[in-house]
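Hi there,

Here is the structure I promised to pass on to you. Have a look at it first, and then read my notes below.

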Amino acid sequence: MMSILVRLGRQTKLEQRAFWRNPDYAFFTLLLPLLLLALLGAVNSGDEIGDRTDINAIDLVVPGVVAFAVMVSAYANLASRLAVLRADGVLKRIRTTPLDPRAYLTAQLLSTLVTTLLASAATILLGFVAFDVSPRAEGVLALALGLVLGIICFAALGLALSSAISHADAAGPITHATYLPLALVSGVFDPSINIPGWLETLVSLFPVQALVELLVAAYDPTADGVPLGASLVLAIWGIGAIAIAMRTFSWVPSRN
Amino acid sequence: MTTVVEVDRVSRSFGAQSVLRELSFSIEQGEIFCLLGPNGAGKTTTLEILEGFLEPDSGSVRVLGCDPLASGEALRRRVGVVLQESGFPKFFRVGEMIETWRSYYDHPLAYDDILDLVGLRSDEAKLVRKLSGGQRRRLDFALAVAGDPEVIFLDEPTTGFDPEARARCWEAIVSLRELGKTILLTTHYLDEAERLGDRIAVLLDGAAGAIGSTQELAQLANLRATVSFQAPSKDAEQLAREFPGLDAASETVEGEVDEVRSLTRRLELLDEHASQRAFASLRVQPPSLEQAYLALVGRQSDPMDSTPQ
């Protein structure tokens with residue numbers, strides 16, 4: 001048991017090293033959410049949301065950008081990184097060693113968890129330092145649950161999606177195309193967005209809005225406890241994605 | 001001798017394309033076994049089946065007595081692999097890659113021994129993405145031997161090497177054999193197979209068209225050694241009559257013979273002076289692997305070539 005934990009820890013450390021040495025991944029994971037928050041904050045900091053007087057738009061923009069950080073780091077980066085590692089033959093090389101494939105993938109997920117938590121924490125910190133926006137004490141459970149469920153769900157989705165990307169060149173376009181439109185209509189960047197009822201119903205079935213809802217609950221003073229429906233949506237998507245990833249994950253590049 | 005690798009009537013298709021057809025061969029411990037064949041002959045498919053990446057449609061394979069598909073980590077501890085194409089995490093250094101790979105095994109080779117074996121001592125601090133093609137291939141090799149494997153699969157290990165790098169790689173492979181490792185090597189360089197291979201299998205149409213040493217392949221291809229020597233005229237004519245394939249012109253005898261040993265025994269029977277002269281001038285050129293290979297491949301493709309137009 002101890003040796004498994006040591007192996008896992010060592011492999012996670014290696015994955016972290018590989019991740020942070022790659023300037024592209026480091027930028028998109030850590031700096032992009034911060035830049036986005038700085039820009040959206042500069043635009044929205046004093047705006048009101050509808051007729052609410054208790055909060056400004058920036059109070060809900062911060063959790064939206066935290067959700068964005070989770071999606072970029074846990075989903076888009078993991079999916080494209082694994083797709084590139086597969087296309088380059090790195091995964092196949094790993095598979096020739098006695099390293100337990102479950103240990104390798106768990107280390108990838110743990111590394112993603114660390115990276116995503118760092119990106120989320122940096123975004124939350126910038127929200128506090130630059131815009132004086134912080135989670136409510138009563139919202140800490142919703143924040144913690146949102147981050148844990150969100151990271152697990154989106155990392156599992158990233159793992160499942162990676163096998164559908166047959167060429168490294170397609171990794172970026174495919175991953176971004178699968179979450180950015182949903183992020184836009186789910187109010188990630190604009191919490192006051194108005195969308196038609198049918199679209200709202202449709203969007204509520206996807207994990208993006210569920211994640212936003214959980215994280216917003218940590219910041220919105222009118223929120224009542226932890227949104228259980230949103231938690232359930234994230235859990236269902238996460239379990240489904242893990243099941244798909246277990247069936248479809250491939251270590252070797254496509255022969256096509 | 002212990003059989004380390006056994007391939008028994010393995011067939012494998014990709015869609016409608018049949019790549020391997022009842023391929024069979026076995027490799028003994030400590031042997032360098034070369035798989036030779038034209039592009040698309042099934043060399044890499046064979047290796048991928050032995051490495052557990054592919055399942056045969058029919059037939060069976062055993063590596064160190066284990067089924068590669070079912071054995072998992074236990075077998076991978078004992079096998080080293082140089083894949084035909086595989087990448088590295090680009091932002092790692094050479095030394096870090098080797099240390100990482102060593103950490104995957106219970107009893108790895110010493111770090112310094114690996115660097116010396118593959119000649120990457122001066123590059124250990126280099127980032128992998130800054131290595132040349134030849135240096136990357138050497139790193140491939142380093143990672144394959146890091147776990148001190150009993151069996152090593154090398155898929156075209158010297159492709160893209162300059163002549164010096166090839167020579168170094170050959171030395172490394174020979175060193176591994178001296179350490180008792182069993183090596184399966186695919187290549188389409190005939191000189192590489194001839195230099196390294198204890199036995200060579202020529203893959204033809206998805207099956208082992210011929211297996212053996214260069215000499216045995218030459219015999220299978222009906223190739224004969226070329227000989228020439230000097231002898232007095234009367235002896236020269238007599239020998240030319242006794243050995244079909246030899247021609248005598250004045251005091252020079254030359255041509256191709258099936259059995260060089262019979263000829264040399266016969267030369268010993270000449271009178272002392274003639275015998276000394278014959279042996280002093282005797283030149284024997286055995287058939288090369290290239291000749292044998294081209295004869296075998298050509299023979300296989302002949303029926304198609306001779307199809308009436």
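**Where the chains meet**

The contact draws on 17 residues of chain A and 20 residues of chain B. Please keep in mind that this is a predicted model. On the side of chain A that touches chain B, helix H1 (2-21) and helix H4 (90-95) of chain A each supply at least two residues. H1(A) gives the most there, with 4 residues. Sorted by class, that side of chain A has 6 nonpolar, 4 polar and 7 charged residues.

**Two helices in chain A**

How do helix H3 (residues 57-87) and helix H5 (residues 101-131) of chain A cross? Their axes come within 9 Å and cross at roughly 160°. Because angles over 145 degrees count as roughly antiparallel, H3(A) is roughly antiparallel to H5(A). The crossing of H3(A) and H5(A) is right-handed. Residues making this contact include A:Val62, A:Ala69 and A:Leu78 of H3(A), and A:Thr112, A:Ala119 and A:Phe131 of H5(A). By class, the contact has 11 nonpolar, 8 polar and no charged residues.

**A sheet in chain B**

Chain B has an open sheet of 4 strands in the order S11-S12-S10-S13, with antiparallel pairing. Strand S11 (246-249) and strand S13 (283-285) of chain B are the edge strands, each pairing on one side only. From one strand to the next, the twist averages 10°. Strands S10 (residues 225-230) and S12 (residues 252-257) of chain B are joined by 6 bridges; B:Gln230 has B:Thr252 in S12(B) as its bridge partner. Helix H10 (residues 233-242) of chain B packs on the sheet, touching S11 and S12 of chain B. Helix H11 (residues 260-268) of chain B lies across S10, S12 and S13 of chain B.

Happy exploring!

Notes. Residues numbered from 1 in each chain as written. Chains lettered and ligands numbered in written order. Predicted model: local features only at pLDDT ≥ 70, side-chain atom pairs only at ≥ 80, totals over all residues. Contact = placed C-beta atoms within 7 Å. Nonpolar A, V, L, I, M, F, W, Y, C, P; charged D, E, K, R; others polar. Axes fitted to C-alpha atoms, helices over the stretch in contact; angles between N-to-C directions. Parallel < 35°, antiparallel > 145°, perpendicular 65-115°, else oblique. Left-handed = near helix turned anticlockwise from the far one by under 90°. Pairing = 2+ DSSP bridges.
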